[in-house]
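Hi everyone, thanks for coming. I'd like to walk you through a few residues, so let's bring the structure up.

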Amino acid sequence: MSERQVRLSIEGLHKGYGAGAARKEVISDLTFDVLAGEFVCIVGPSGAGKTTLLKCLTGLHPASSGAVRLDGKVVDGPPRQMALVLQEYTRSLMPWLTVEKNVRLPLANLRIGKAEREQRITDALREVGLSDVRTSYPWQLSGGMQQRVAIARALAYRPEVLVMDEPFASVDAQTRADLEDLMLKVRQDFGITIVLVTHDIDEAVYLSDRVVVVTKGPCTVDEIIPVELPFPRDQIETKSDPRFVDLRARVFSRIKASA
C-alpha cells in the first residue's frame with residue numbers, strides 16, 4: 001500500500017437478509033481499503049453481491065456487522081462527500097428536465113452561491129464534452145451522452161469519492177472505450193477517488209490502480225491485484241501490452257476459481 005491517506009475503509013463487512021434458518025448471507029467478512037485519489041475496480045462472478053456491496057459502501061444499506069468508514073467516520077447513511085453513478089442512466093435522469101437542469105439537481109441543497117453553482121455546472125459539462133447540449137433533453141441524446149450527463153451531475157456535486165455501478169454496460173463498445181478514457185481524465189483533472197463495479201475484465205484492468213476480485217456466495221475478497229501499467233493509458237497500446245494480457249488472464253482465472 002502507498003503512504004497516501006486511506007479514504008474508504010471496509011472492515012469485516014457482513015450483510016445478510018432474513019433471520020434464523022431463512023437468513024441469507026450476501027457479504028461475509030469483507031475487508032479492503034481504497035486510498036485517496038485511487039481508482040479501484042471490483043469484479044467477481046455474476047450474483048456475487050457486488051451491487052449490495054456498493055449499496056453498503058454508499059450508506060444506502062446498513063451493514064449487518066463490521067463497518068464502512070469514509071475518512072475514518074462510520075458510514076451510516078449516504079455521505080455528503082460521495083456520489084453514485086448507476087448503470088440505468090435512463091432511470092436516474094429526469095426526462096422532463098434539460099441537461100443543465102439535470103446537472104443542477106444535486107446542488108439544490110448545498111450552501112453555495114448562485115455564481116458558484118452555475119460555474120460548477122459549466123465546468124462539469126465541459127469536462128464531459130457536453131457544453132453544447134446543455135439546453136437539450138436527455139431523450140434527445142444518445143445513450144453514451146446520457147451517461148455523460150449522469151457523470152457531469154456527479155462531478156458538479158464535487159464529491160471526494162465517486163462510486164459507479166456498471167456505468168458503461170448499456171452502451172456500445174466504442175462508446176464504452178470513450179467513457180473509460182473520460183473517467184481516467186476525470187480522475188486526473190479532479191483528483192477524485194473512484195470505486196467502480198464491472199463485469200468487464202478488460203475495463204477493470206484498463207482503469208484500475210488495483211482490482212478487487214470478490215467471491216460468489218457469500219461475497220468476500222478473493223484477491224487484490226495491483227495494476228502496475230503506466231499512465232497515460234491508451235485503448236490500443238495499453239491493451240496490447242503483454243503485461244495487460246497477463247493481468248487480464250490473472251483476474252479472469254481468479255473469477256473462475258471463486259465462482
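Let's start with G20, which is found in the loop between β1 (6-17) and β2 (24-35); helices (H or I, at least four residues) and strands (E, at least two) are DSSP runs, numbered from the N terminus. A quick word on the source: this is a predicted model, where local features need pLDDT of at least 70, side-chain atom pairs count only at pLDDT 80 or more, and totals for chains, interfaces and linings use all residues. Residues are numbered from 1 along each chain as its sequence is written, and side-chain values use heavy atoms, with hydrogens and water left out.

Is G20 buried or exposed? With a relative accessible area of 64%, G20 is exposed; buried means under 20%, exposed over 50%, and partly exposed in between (1.4 Å probe, protein chains only). The C-alpha atoms of G20 and V149 are 44 Å apart, and 129 residues separate the two along the chain.

Now over to K50, in helix α1 (residues 50-57). A polar atom of the K50 side chain does lie 3.0 Å from the backbone oxygen of P45.

Last stop, L86, in the loop between β6 (82-85) and α2 (89-92). L86 counts as partly exposed because its relative accessibility is 38%. Thanks, everyone!

Key: A polar contact is a pair of N or O atoms within 3.5 Å; within protein, one must be able to donate a hydrogen and the other to accept it, and residues adjacent in sequence count only if both atoms are side-chain atoms.
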